[in-house]
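Trainee: Could you show me how to read a few features of a protein model?

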Amino acid sequence: MKISEFSFKAEFSLTVILLIFAACSKNDNPEPSPVIRSFYPTFGLVGSSVAIYGDQFIPTVPPEKGVGPFTNTSIVAFNGTVAEAEYVYQDSIGKQHIYPTKVPAGATSGKITVTANGKTVSSLDDFIVCVPIYLPNVEVTSVPASGAWGHDVAIDSEGSLYVTQDNRIVRITPDGNLHILWSSSVWGEMPLGIVVDANGNVFATIYSSYILKISADGKATILAGSAESGDVDGQGASARFNFPYGIAVDNDGNVYVADTFNHKIRKITPDGTVSTLAGSTSGYKDGTGTNAQFGSPWDVATDGEGNVYVTDGVRIRKITSDGQVSTVAGSTPGYLDGTTANARFGQLEGIAIDTAGNLYVCDVDNTMLRYLVVRRIAPDGYVVTVAGSTSGQLDGPGSVAKFDRVTGISMISNGTFYIAQSDDGPIRKIVIN
């Protein structure tokens, strides 16, 4: 009996020890908590994509299984609203990121949270959900002509469209017929920006170093520049450009070019004389002539008073006829409609101006396909979104329409303009009723 009692006590003690050991072992090796180190981009529209960087969103994957994508099992939320988050990727040192994570409908600005292994962690910084202020009564349609896509678009007094494509310039008549106006078999000789003057002359920037003129009778000549890039003012072929892109013409026949890699705005008189209107080295500085700085001037537009407007990264700049440069709107990257003092832009490309002084710009911040929109800056200093949201191809009201990549814009009249999409999307027509 004593032996049995001793055995029972021993077995009981052993069981208790094993339970304590098991509990300690479990506490010594808890399930790891997820970690959010950062996310990018830091702002976006509903439906745009975000990458979340960190660790332990899913259990660590053995290196031999590669970098992914692996099915995401964690729960992601934007300020409490659960998001669609499909995949997790893991790099060579075991760090993970979730992508794509779609900003969900109903989300508001605030922290991003990830829940995994029964534990929830929060980002240090807020994600900003951008809410556009849409201009009412806007309708977007597609131009039906076959092959009607391009880098930039211009329109003449008869309603024909002129479009720059990879190695050619095409004209699309009002009845939808497409005609090749100019083409090149030289590698790299790509037309980019385009404009038509009141006399029917077509001007185009050719990658990466000269300005083409096609007269109304179809004769093509080089207005300024040559096959050699550089940064030289001068007459005709002696002038040099370095990736000229946007182009505009004023009422006197002067041509203005955004010389992107030279960070300058160049002026070309009708006889081909090239001068620097404004700009010098890379930067963002208002001032006069070469004392001013541009970061990445992309497109230009002229009004009837001798002013030139420039899209420059996240800013819209104005140059008066005497070379005075000022900033109309924009400062740090973002997406915010409202007053010009507060408005933010992503990556500005095409620009146009109507007779009422409204500026229209293509905001193509397609980082993670965040947004591709057309926005308006009114003379009273208020910025709104005309049309577009996240990437896609969809006609309809401005707040519903989607674009692939909006790069060029041309006005036909107040309230009607055309948009070029460089990613093989059709030319789009926007009407403000």
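Mentor: Here we look at one aspartate, then at some strands. This is a predicted model, where local features need pLDDT of at least 70, side-chain atom pairs count only at pLDDT 80 or more, and totals for chains, interfaces and linings use all residues. Residues are numbered from 1 along each chain as its sequence is written, and side-chain values use heavy atoms, leaving out hydrogens and water.

Trainee: Where does Asp-197 lie?

Mentor: Strands are DSSP runs of E, at least two residues, numbered from the N terminus. Asp-197 is in the loop between β17 (190-196) and β18 (202-207).

Trainee: Which side chain of opposite charge is nearest to Asp-197?

Mentor: Lys and Arg count as positive, Asp and Glu as negative, with His and the chain ends not counted. A salt bridge needs a side-chain nitrogen of Lys or Arg within 4 Å of a carboxyl oxygen of Asp or Glu. Buried means under 20% relative accessible area (1.4 Å probe, protein chains only). Asp-197 is buried yet has no salt bridge; Lys-213 is the nearest, 6.3 Å away.

Trainee: What does the side chain of Asp-197 reach at 3.0 Å?

Mentor: That's the backbone nitrogen of Gly-200. The backbone nitrogen of Asn-201 also lies 2.8 Å from a polar atom of that Asp-197 side chain.

Trainee: How many residues of strand β25 are buried?

Mentor: In β25 (residues 273-279), 5 of 7 are buried.

Trainee: And how many bridges join β24 to β25?

Mentor: Two strands pair if DSSP finds at least two bridges between them. Here β24 (residues 264-268) and β25 run antiparallel, joined by 5 bridges. They form a hairpin with 4 residues between them, and Gly-272 in the turn has a positive phi of about 90 degrees.

Note on methods:
Buried means under 20% relative accessible area, exposed over 50%, partly exposed in between (1.4 Å probe, protein chains only). A polar contact is a pair of N or O atoms within 3.5 Å; within protein, one must be able to donate a hydrogen and the other to accept it, and residues adjacent in sequence count only if both atoms are side-chain atoms.
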